[in-house]
Amino acid sequence: MNLWENISLAVSGLMSNKMRALLTMLGIIIGIAAVIAIMTLGNSMTATVTNSMAEMGGNNIVVQLSLKEDVTSFELTEEDLISDEMLEQMREVYSNEVLAVSLDEGIGSGQIKDGRKYANINIYGVNDGYQTANNVKMMTGRYISYQDQEKVSNVAVISNKASKAIFGNEFAALGQEIKVYRGEEIYAYTVIGIYEYEENPMMAMMGGMQAEADRPTSLYIPISTAQRVNDSDIGYTYVTIVTNPEVDSIAFANTLQKFFEIFYRRNPVFTVYSMSMKSVVEQMTTIMGTMQLAIAVIAGISLLVGGIGVMNIMLVSITERTREIGTRKALGATNSSIRVQFIVEAVIICLIGGMIGILLGVAGGMLGAKLLGAPAAPSIGSIIFAMGFSMAIGVFFGYYPANKAAKMDPIEALRYE
């Protein structure tokens, strides 16, 4: 009996016992569907996280204050902060490597109001390098400049979303004075630029059920103006340094750390620590990949349960078809042909169950990704692996029953009632 005859016989056997075949496949279906759904959802979330972090700047290096070992209590003073003088020296030494230096200081959340119209905002004081580090795309007007910082100007850059909410048009806010309410405090700023608002998928997921219209956008003012509002010291607890594209940001992060450590040798409390966003993205990708694999392995345990179910039903099937096996052997069928017949039948069961599981898994994973606001990314590799694994289960768990059938004595099999 050739392979196609075995397949035809296996399919006809399944069709004659549809309910039993479906119940036998159920474990395989659930296992494959769970693995594919988890891999699809995991790939979507990994892509979302890595893309969001990459958009923050693959060439960005964050240099921040860090407590020295064994320091348990401290009081931060202006002398401890990263100063403008340190940054100027760094620019001079590494002028070929450094593209921009980004500074920012948060003020808090608030609202732009005009009568009943409002727009929720988060207020940040920034310098001119912030635009480069964070890929802020201007639609009209200009961004915060060095002159704005020097003059401590009351100017602001807002999003097109905020402009439309207050003035009814994405560009109408340019040149207008806006009033920003933060608690009981009111600030007036002249809008010098409008940037394109792009919703971050990570923020959208964290936003949960909050209406998209109420999600805050960023409002940028000169960092010197923010320091005046906060009455804060002149200096920074962290800075972001953007390297030129050809620079290895991971290696340069170590170079910068050694450079800044020179200024903190005599500081008893603080030193500095630097990290490249590129290395952070790589670490996040590795961590999420490991978690995804671990969860998929746990879900894959149900495949073993499904495989045991296949073995059980094959043993029952062989018992029911003992006389058939005896008749075939009496007519000259070899042990190997009997063995192949039942292995093929087990593989067909697992293959059909695997195909159904893949369809359900991809659909479930894409639905889950959509609910989380992440782009759906079904893994072709995981689909191929699932198909191969389901076939391997059929061979592995089908071999013992098939071998048992092949070794039957034809005379005893014919006598079986």
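Author: A crossing of two helices is right-handed if the near helix is turned clockwise from the far one by less than a right angle. This model is predicted.

Reader: Why is α12 called roughly antiparallel to α13?

Author: The axes of α12 (residues 335-371) and α13 (residues 380-406) cross at roughly 150°. Angles over 145 degrees count as roughly antiparallel. Therefore α12 is roughly antiparallel to α13. Their axes come within 7 Å.

Reader: Which residue classes make up the contact of α12 with α13?

Author: It divides into 20 nonpolar residues, six polar and one charged.

Reader: Why is α10 called roughly parallel to α13?

Author: Helix α10 (residues 277-320) packs on α13 at an angle of about 30°. The cut-off for roughly parallel is under 35 degrees. So α10 is roughly parallel to α13. The two axes lie 9 Å apart, and α10 passes α13 in a right-handed crossing.

Reader: What lines the second largest pocket?

Author: This pocket holds about 470 Å³ of space. It is lined by 18 residues, and Asp-84, Leu-103, Tyr-146, Gln-149 and Tyr-236 are the closest to its centre. The elements giving two or more residues to the lining are α3 (84-93), β2 (98-102), α5 (146-151) and α8 (223-230).

Reader: Which element gives the most to that lining?

Author: Helix α3 does, with four residues.

Reader: How many residues of the lining are nonpolar, polar and charged?

Author: Eight are nonpolar, five polar and five charged.

Terms used. Residues are numbered from 1 along each chain as its sequence is written. This is a predicted model: local features need pLDDT of at least 70, side-chain atom pairs count only at pLDDT 80 or more; totals for chains, interfaces and linings use all residues. Side-chain values use heavy atoms; hydrogens and water are left out. On a 1 Å grid over the protein atoms alone, a cavity is a set of points where a 1.4 Å probe fits but cannot get out, and a pocket is an open set with protein on both sides within 12 Å along at least five of seven lines; lining residues have an atom within 4 Å of a point. Grid points are joined across faces, edges and corners, and a volume is the space filled by probe spheres set on the points. Ala, Val, Leu, Ile, Met, Phe, Trp, Tyr, Cys and Pro count as nonpolar, Asp, Glu, Lys and Arg as charged, and the others, Gly among them, as polar. Axes are lines fitted to C-alpha atoms, for helices over the stretch in contact, and angles run from 0 to 180 degrees between N-to-C directions. Angles under 35 degrees count as roughly parallel, over 145 as roughly antiparallel, 65 to 115 as roughly perpendicular and the rest as oblique.
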